[in-house]
Structures are given as C-alpha cells and as structure tokens.
Amino acid sequence: MKIALIVPFKNAKAWLPRCLQSIDPRFELILIDDHSDDDTSIEELAEEYLRGDAYVEKLSLTWLEGVAEARNQGLNKAKKIGADYITFLDADDELAPDAYDQIEAAIKEAPDAPIIQLNHAFAKTDGTKWPRLPNKRGTYELSNLPKLWASSCNKIIKASLVSNIRFPDLRHGEDEIFVLECLVKARRIYNSERIALYYHKDNPHSLSSSTTLDDIIAEQVALLEFLDDHRDDKEICEAIRIRQSELWINPTYKRAIGGGKT
C-alpha cells in the first residue's frame, strides 16, 4: 500500500526540520519547494532530516505559484507514482511519532471509506498537546457530518477519489473547497479518533497568520460559486451552512475582519 504524503513549503527553513524529522520513511514523500528565497536547500534538508531509506520526490517550482498549486503538483506526482492514498502535511506542523501506524490502522478499520478523517492535537508552546475534534469513531453521511477540520492535512483520501479534483487558487480557504469537492463525490466520511498530526501555531508567517479581508472575500466568492454549482444538492448545501456558522467565529476570520477579540 502506497500512502503519498504531500508537503509543500515556502521559506520554512526554521520549521522544516521539525516537520521532516517526524516523517516515517514508509510514506511516499512528495516534498515541494514553492520558490523559497531563504536559502532553503530541498536536497540538503531531505538528506539531513529524513530517516532511513525514505522515498522522496523533490519538486522545486520555478516561480512562486502558491500553496494550492504546490499541492496540485503534488497530487499530479502522487498519481504518477501510483499512490493508493494521499494525505498532506504543512511544513510548520509535524506528525505524531506513530502516525503511519495510526493511519494504517484507520484504513484497516474502514477499507472502503473514500475519506478518513483523523483527529489532531493542538501543540501549545509549552509542549502540552490536546486533541481538537470531539467526534466518535464511525462512518458519517453528508446528512450527519461530524465536526470537520476543513483542512486536507488530517484527511486520508483514496487516490482514485481525487484523480480529477484539485485545489482552487486561493490564499485562504483552498482546503475547504477541496474537501467539499471530495465530499460531494464521496458522500460519506469515516471519522477515526486516532491522532496522527500535531498542529503548531508558532509560525508568524503562516497563511492563517497573514490572512487579509481580501482573502476572506475571495474565499466566500469561491464558496458561493461552489454553492451555485451544487444548489440542487441539499445535503452539501446544509453541510456548508453549518460549517459557515462555525467559521465566522474562527480567530482567523475575527483578526482579518477586525471584529471581536482574537
């Protein structure tokens, strides 16, 4: 079984060692440099921090294209190498020490599931970690979706599901549209309580930290276009309505819009 792990980065030299050191060599790692200009060497990083005989595809984009296109290039490469499953990791986060085993176990729990959502832990600066999703283990249909983290990074997705699905060109919210496109096609998601990812917030240059009001507006326009395309799909429309009510109290939205405390 091939599990492709797609890791795009730009100017993440300070955080990549933590990320790369957490990656089990059993992953089919696709490491994508989105035109870094901080002297990051993709070859040196891979050689220094990856363990054992890790499989690595190294892509260096020749001009700044953004995280969405970087992930799309990773999806194209995963298709070429014949990956069975695809997942993602941001360069300033890390996998749990037993992440590969937890992912493999979750796949065995639900071998027919097109999408598996794992839990993730928020890693505080003092080193403490706590799980973020309260869902119970099981298969959820569109009509009763679990609480979603609208990120691609805690999802294990069958490669066949995303053969023709790609991330939209957005600075914020590209994950949400991608996940929604996957759900429209899959119609269900298996939720596992297993933790495979540690989510950090110590990168002041992360996209969530630099999201602007213009980014929020572009995301909402893309979401409205998605709704228009799927206006007859009542289940996905209701799922989006519920998700939107959660997003407007998100700290990233509050900071970008300027309303309330962050």
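Which residue just after α5 takes a positive phi? That's R187, with a phi of about 70°.

## Ground rules

This is a predicted model, so to speak: local features need pLDDT of at least 70 and side-chain atom pairs count only at pLDDT 80 or more, while totals for chains, interfaces and linings use all residues. Numbering starts from 1 along each chain as its sequence is written, and side-chain values use heavy atoms, with hydrogens and water left out.

## Helix α5

Helix α5 covers residues 174–186. Its 13 residues reach 18 Å from the first C-alpha to the last, close to the 18 Å expected at 1.5 Å a residue (the expected span being 1.5 Å times one less than the number of residues).

Most of α5 is covered: eleven of its 13 residues are buried, meaning under 20% relative accessible area with a 1.4 Å probe, protein chains only.

## The whole chain

Zooming out, the protein chain has eight helices and ten strands (DSSP runs, H or I of at least four residues for helices and E of at least two for strands, numbered from the N terminus). Its C-alpha trace spans about 50 × 45 × 35 Å along the principal axes.

Buried residues make up 53% of the 262 in the chain. Of the contacts (heavy atoms within 4.5 Å) between residues at least 6 apart in sequence, 79% join residues at least 24 apart.

Technical notes:
Buried means under 20% relative accessible area, exposed over 50%, partly exposed in between (1.4 Å probe, protein chains only).
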